[in-house]
Amino acid sequence: MNQFALERIPHLDLIALMPVGLIVHDANSEAAIFANAKALSILGMSQEELMGTKASDPLWKPLDHQGRVLSSEQLPVSVTLKTHQPVSEFMMGLAYPDKTIWLSVNTEPLFDQAHLSAILVTFTEVTNEKQLRDEVELQKKRMELAVEATRDGLWDWDLVTDEAYHSRQFERMLGYDGNELPDNSQAWSLLVHPEDINEVFARVKRYLTSQGKQPYKSVFRMKHKNGEWRWIEAKGKAIFDEQGNPTRFIGFNHDITEQLEQTKRIEYSAKHDMLTGLPNRFLFDELLHNALQRTKRSHARVGLIYLDLDGFKAVNDQYGHHVGDRVLVQVAHRLEASLRTADFLTRHGGDEFIICLSEMQDDRELMPILERLLETVNEPLEVADGHEAVHVGASIGVTTYPQETELGADALIRQADLAMYEAKASGKNQYLFFSALENKSFSEISELKNQLIQVIDNNAVYLHYQPKYDVHKRRLCGVEALLRLKIHPGEPWASPQSFLSVIEYDATLAQTLGRWVFEEAFEQLAQWNMAGMDIDISLNVSAHEMEESHILPLLTSLFHAHPAVRPEQIELEILESSAINHPEKVAEVIRQCKHLGVKIALDDFGTGYASLSYFKHFPVDTLKIDRGFITELHSAHKDFSIVRASIGLAQAFHCQVVAEGVETQRVGETLIKLGCDVIQGFIVANPMKASAIPDFFQSYAPPEAWRACQEISPAEKSILQALNDLDVWRQNLKASFSEQTRDSVHHILFGPSSLLSPWLRAEGAEIIQNSETLAKLNDLNTQLSQQAHRLMHRFQLKREPQDWTLIDRLVQTLSDELTGCLDSFATPAE
């Protein structure tokens, strides 16, 4: 074997002293003919053991950078022998029985007169560096897996080099396969919507300039591969050097398109009739109030039309509710098309519509519109499949604004309603103005007024008191004073609702009755105080009293007359709708009442669609959630959401939360978990006479479940709502099938609250950290949805009866899993 003459390698003795491993292989025999001390130290071998060995000898198991076994042809020496080309920084491992070392290998071919004579191999040990790099890579992969589990796209921007890294999920949420987009910030910016790009970089600049004093958050649109625009929420954090210069910017992109669309759907459904798409009563009231206010500035007139369909019940009875729904939809579209741009309407309920004609200069403008409305409603309706066209008519009542006496929106609607009933009683399919009915309607009101005055004069007006339960003190804390009337001896108690029209039409009578209630309540509270009872009392305040400021001198005189009554024992309950109609005036009266020391409660919260600005500027102490939301807490998806949100809003403004209308122990328990402070309703006590209050307060014991219950954390509240939504979904699904209505079944399956998919994608994904649990919940949710679709399909084919066994079992399993998640949170809310 002709070996290369080592002495012919220039400066070999000096090269051998370098702090790297050095081995020389003979090109002909491939045997090692020289190794320096560093090489022997790294390899753990002696000269005798190493000399004469080939790189391909089985002294160890050679590995590539990913840990895979290298073939002899893949070894750096073999590659250089074959190609006569050097190999640079080749990462390879040498697997010994007890360890693996990692080397960075370089080879250099040496020639003797153009003939490959030897191969110079140099290497350094990089075991520590490799382990560190592997650990970083592992952490990176874990991070990517975690990010992908949350469906967020990770990005990492080197602000010094402008190099950028993004995860595969970053691309997938935009429709790419995970390896298509270049790793640079320019590629990202090209995908941002042109209308958003300036604001995006402006936010980044403001954040970096402030050295990250505030969290970075930005919402913008990015272009999906299919051409659609997706709404993205980006959150990030920058790293700054010692001089305060940003060097690296890391964050996540979260697709919030569905979340925004769902919010829009919720906002839309909150203010629109889901059947016809028209504004619902709440939005209509807001629009009507604004229209009435504009007349005071523009001196224009407003026409209010109350329209009730004639013959609609017969259509429902003959063809079914699904055809009746189509009639309502077509009529709504026709009415809307008959109006001017400034006009608007609502479906008031059932087959009734209210229309507002605004910006009129003369009442005569009403006539052609009224004729057109009658004509369009009378036209045949092609809505019954396979049947002849159906026909309906309309009875219409009309009133106008302004009038000689200032009236609010509710009074105008009642006027139009009275006119409509007279039109229906007079032959139907016609319109009548309220002015033709004034003598009759006001005579009826006068009769009711006289009857009410007689009741008051006969001392047949009483106050009953309904106790309230304090969740935190676990005892009764106060009462609400409720007016009761005895119209005739021996008859049941009557509430003031039967005389509401009289009270609203006659401010003097309302003031008289309100004064009596306050005087009676103060007298009774003084007696309780002297008997040693510590009790608060809530008193309802009418709109007249708030708007005319009658309440202030009344309170002042009563506190003077009853020194035993402390101001903090008195709470005034103001209807939210009263506050909305005249917010500035009401806010001032509230501030003056607060100055006296009394507490203020916003009553029936949620029914008037109060804006946050009103809530912010009214210095209220208590928020009372309307009983309508409480009674449907466990049977309506939206009511649970409204109650939870209302409690959260009240807590944000440091207000006490009272739930009225609580009738079951379960509802009370749920309210306590959601953070409700006070419970009022039949489950606590019915309204009772004052004489029964002392004994009841002394003997009352709340349900044991309430004693052990407390407010839970935000995460637990979210899971609790998911559990409720699941139960409501099952109730609604079964009810829809039993009603034999395909449209309602379709809405349950595909509507905005369909099963738990939205929750699992948003809140659930953030709350449930265990990826296996989240995957299981998603799988159960999918199975449940698929089974419901199968039932719907069989229902459409009319294969009866429906088998609910699998649905019930899947719901129970999903419920158990969610309950397990709920039980895993042991820390109570702060």
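**A walk through the predicted model**

Residues are numbered from 1 along each chain as its sequence is written, and side-chain values use heavy atoms, leaving out hydrogens and water.

Ser718 sits in helix H28 (residues 714-738). Leaving aside residues up to four places away in sequence, Ser718 touches Arg644, Trp759, Glu763 and Ile767 (contact means heavy atoms within 4.5 Å).

Zoom out, and the protein chain has 33 helices and 24 strands (DSSP runs numbered from the N terminus: H or I of at least four residues for helices, E of at least two for strands). Of its 830 residues, 47% are buried. Take contacts between residues at least 6 apart in sequence, and 61% of them join residues at least 24 apart.

Now for a helix pair. The axes of H10 (residues 281-298) and H14 (residues 409-425) come within 10 Å and cross at roughly 105° (axes are lines fitted to C-alpha atoms, for helices over the stretch in contact, with angles from 0 to 180 degrees between N-to-C directions). That makes H10 roughly perpendicular to H14, a label covering 65 to 115 degrees. Here Arg281, Asp285, Leu288 and Leu292 of H10 meet Ala409, Asp410, Leu412 and Ile413 of H14.

Terms used
This is a predicted model: local features need pLDDT of at least 70, side-chain atom pairs count only at pLDDT 80 or more; totals for chains, interfaces and linings use all residues. Angles under 35 degrees count as roughly parallel, over 145 as roughly antiparallel, 65 to 115 as roughly perpendicular and the rest as oblique. Buried means under 20% relative accessible area, exposed over 50%, partly exposed in between (1.4 Å probe, protein chains only).
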